[in-house]
Amino acid sequence: MMQRLVDSVLGVAKESLKTFSQESFNNVVKLINGFSAIVLAVLPGKASALEGVTGWELHPTFRAPGIPRWMEERVSSFNQFIHDFDFDSTESDEESEYATDMEEDDSSIPSSPSSQTSRVSRNSSFSRFGHDRRGSWIKRLIRKLTWPLRWILGIAPGLRRQSSSGNFTSKGHHGNMPRRTSSSERLKTMYSLASKHLNGVKDHLAHRTTDSRRRGVIEDLQLGVELFIERVFEVMRHCIYCVLSPFQTFKSILRKIFFSDSSKMDNKNSEVANKATLGDSDPSLKLEQRKRRHTLNTDARTCGDFITALGYPYESLKVTTGDGYVIAMERIPRPDSKKVLYLQHGILDSSLGWVSNGVVGSQAFAAYDQGYDVFLGNFRGLVSREHVNKNISSQRYWRYSVNEHGTQDIPAMLDKVHEIKMNELKHLNLLSEEEIASSSGSGFTENLPYSLCGVSHSLGGAAMIIYLVTRRLEGKPHYMKRAILLSPAGFHEKAPPICMILQYVLPLVEPFLRPIVPGLYIPTKFFRMVFNKLSRDFQNYPALGGLVQTLMSYAVGGDSSNWVGAIGMTHYNMEDMPGIAYGVALHLAQMMRSKHFNLFDFGEAGNLKAYGTKKPLDIGANYDQIDIPIDVVAGKKDKLIPKSMILKHYQTLKSAGCKASYSEFDYAHLDFTFSHREEVLAYVMSRLLLVQPRASGRRLRRLDTRRSKSVKDPPRRLEKRNIDDESYSRWKSMSDQRHPNLKSVEQSQERDD
């Protein structure tokens, strides 16, 4: 009778406290979102900052106050999660575990406001007391009482709970009952599964770069409070039962002293799994003990995860540069293709940007579907600091500029692409002896049996131009047939106001900041985790996200790119993230001050040592070295690199006698890669299709024979040409009806030779 009274009182108190915490968090969320909406309403220019960013609810509808959610549904949603988890985890051994008379007695226990789900949870937790002979009652009680302190110190709960039913009313089932999962284990598992069932915060439409495993800071705080309440009441319940049942308490102490088996204690932070290593002489499965790793519900999906999840093939390559940096180059392989595409990202980005829009809106997938072998390059500059020297210091690793992106990173990756394609085409017998002889050691791009095109964005465009110019000056092949530069960096006479200020401030503060933080990145795992979760909160709460979006747009001169979505990309995760070296920032500042596209200026003495001249190499003055067509694309709404600076690239290329084209789109800076834009996809593919692989020797001889025959018979040739013109016109009209975006691209403002 006393037990039922204690169950009822504690159950009502626990559910009331959890309901109060839930409603408190809901009110806090409403307050934050409401305050953000008020601030956002008075900010000027928010319409342009939020242009193109969907999902912001700036005019919320007012609702009448309602009763708590657990009273509407007759059950606390947190306890619904507890019940669902308990049912899933015990479904397999349910019949054997509860095959006692205790189940019938528990059915008469009155339920709290949490309905029968709380009764099921309490029965499974109350009846676990005192039945595992290997359990440690004293250690368990001490650990329960000191749980808040251990939680703060980060010590995971360790002792196993004692197992199931009949501790006060049932007798004689001790040896037959299977051991239930311990409370500490259950709470750990609940924390990892709570993202699927967490209540109190509505299921908002998340950005495409997030998944259900990822939670924000506010959601984590709410879950932590509810788990804390659950644990406190569990400790109180056990303390009361110890007082109400002194005989059982004394019996458990004696059992621990005289019958405990210390050899059975295991490490709760590890688990045993079967493992086999591919390529071993013995491929059989072996037991291996490994430690559990808590991801803290952050989304750390990589580019490879996105590619494989959509059903595309994937290959990861490690490329070592000439100065020892190890770079990850990723690939969507098509080994038998002679059409190759290389994609290079910009600043604070990664190869993930080329696949994050999914199958329909990503440049990498669009090219692969058109028969291209796609390679996705990455720059150096990750927190993980991969290098051939495993003991390299942070100060040494982050000491580089844009020079190294164009003279070390891209050359190493394209050399690897050339090596892979030549080996694969040769292995697949797709190369003739003439092609192998003409391409080996010749050093000329036109003799290659495959066609390599490059598409780059922002800083990647500047690095690609540096690569083309320096390789030509060095007399080395660059392997490329065409380059498409989307809003390329290089000329920065005009820039956002904050950049104009930083070009003078950064050289002054850099000597003081470098010893503290060697690069511009988040240095610790904890703060990277917080950043990852805050970015989810910005997407969950519309007014707060709109306010952050507007402020970030102000910082970059009014650019309307989806900045909140960009910082929510999964390459900004707890384990790793891209950063900016001070040398890269200083290099861009030098370009702003000098109004030229130069290599890094080390000073006269440093320049003599690095370049052999007192001044650094002017890349813009050497555009005449570029021997391939260049397509330059600008964004009319791009405030980070205005279209006037992109037009300067085009004008400099034309004045140097290069084959170049210029196009404009109604885009902001990140819209070229991050947003779903069909126009730019159609434009890029139309430029790539202008390049075809070099015909083989046999095919060239057949073409020469046909050409000679057509010269001897000009009337027949003219008739065939008229037929071809008719078929082309018919195909053109059908294509315009099916793909209006291609037509709009051709009608866009373009200057071409």
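Biologist: In which loop is Ser-458 found?

Modeller: Ser-458 is in the loop between β7 (451-457) and α19 (459-474). The model is a predicted one.

Biologist: Why does Ser-458 count as buried?

Modeller: Its relative accessibility is 6%, and buried means under 20%, so Ser-458 counts as buried.

Biologist: What makes Ser-487 count as buried?

Modeller: The relative accessibility of Ser-487 is 0%. The limit for buried is under 20%, so the residue counts as buried.

Biologist: Why is the pair of Phe-491 and Phe-597 called edge-to-face?

Modeller: Centres within 6.5 Å make a pair, and planes over 60 degrees apart count as edge-to-face. At 6.0 Å and 70 degrees, Phe-491 and Phe-597 are an edge-to-face pair. Phe-491 and Phe-597 are both buried.

Biologist: How do you know how the rings of Phe-531 and Tyr-572 pair?

Modeller: Their centres are 6.0 Å apart and their planes are at 70 degrees, so this pair is edge-to-face. Phe-531 lies in helix α21 (residues 525-540) and Tyr-572 in the loop between α23 (563-567) and β10 (580-581), so parts 41 residues apart in sequence are tied together.

Biologist: Are Phe-531 and Tyr-572 buried or partly exposed?

Modeller: Phe-531 has a relative accessible area of 28% and is partly exposed. Tyr-572, at 11%, counts as buried. The limits are under 20% for buried and over 50% for exposed, with partly exposed in between.

Biologist: What makes you say that the charged end of Arg-380 sits over the ring of Tyr-400?

Modeller: The distance to the ring centre must be within 6 Å, and the charge must lie within 35 degrees of the ring normal. Arg-380 is 5.6 Å from the centre of the Tyr-400 ring. Arg-334 lies over the face of Tyr-368, at 4.0 Å from the ring centre. Tyr-400 also belongs to a cluster linked by ring pairs, together with Tyr-325, Tyr-397, Trp-398 and Tyr-521.

Biologist: Why is strand β4 (residues 326-332) described as largely enclosed?

Modeller: Six of its seven residues are buried, so the rest of the structure largely encloses β4.

Biologist: How do you know that β4 pairs with β3 and how many bridges are there?

Modeller: Pairing needs at least two bridges. Strand β3 (residues 315-320) and β4 have six, in the antiparallel sense. Five residues separate the two strands of this hairpin, and Gly-324 in the turn has a positive phi of about 95 degrees. Glu-315 stands opposite Arg-331 in β4.

Biologist: Which residue of β6 is the bridge partner of Arg-331?

Modeller: Phe-375 is. Between β4 and strand β6 (residues 373-377) there are three antiparallel bridges.

Terms used. Residues are numbered from 1 along each chain as its sequence is written. This is a predicted model: local features need pLDDT of at least 70, side-chain atom pairs count only at pLDDT 80 or more; totals for chains, interfaces and linings use all residues. Side-chain values use heavy atoms; hydrogens and water are left out. Rings of Phe, Tyr and Trp (its six-membered ring) pair if their centres lie within 6.5 Å; planes under 30 degrees apart count as stacked, over 60 as edge-to-face and the rest as tilted. Buried means under 20% relative accessible area, exposed over 50%, partly exposed in between (1.4 Å probe, protein chains only). Helices (H or I, at least four residues) and strands (E, at least two) are DSSP runs, numbered from the N terminus.
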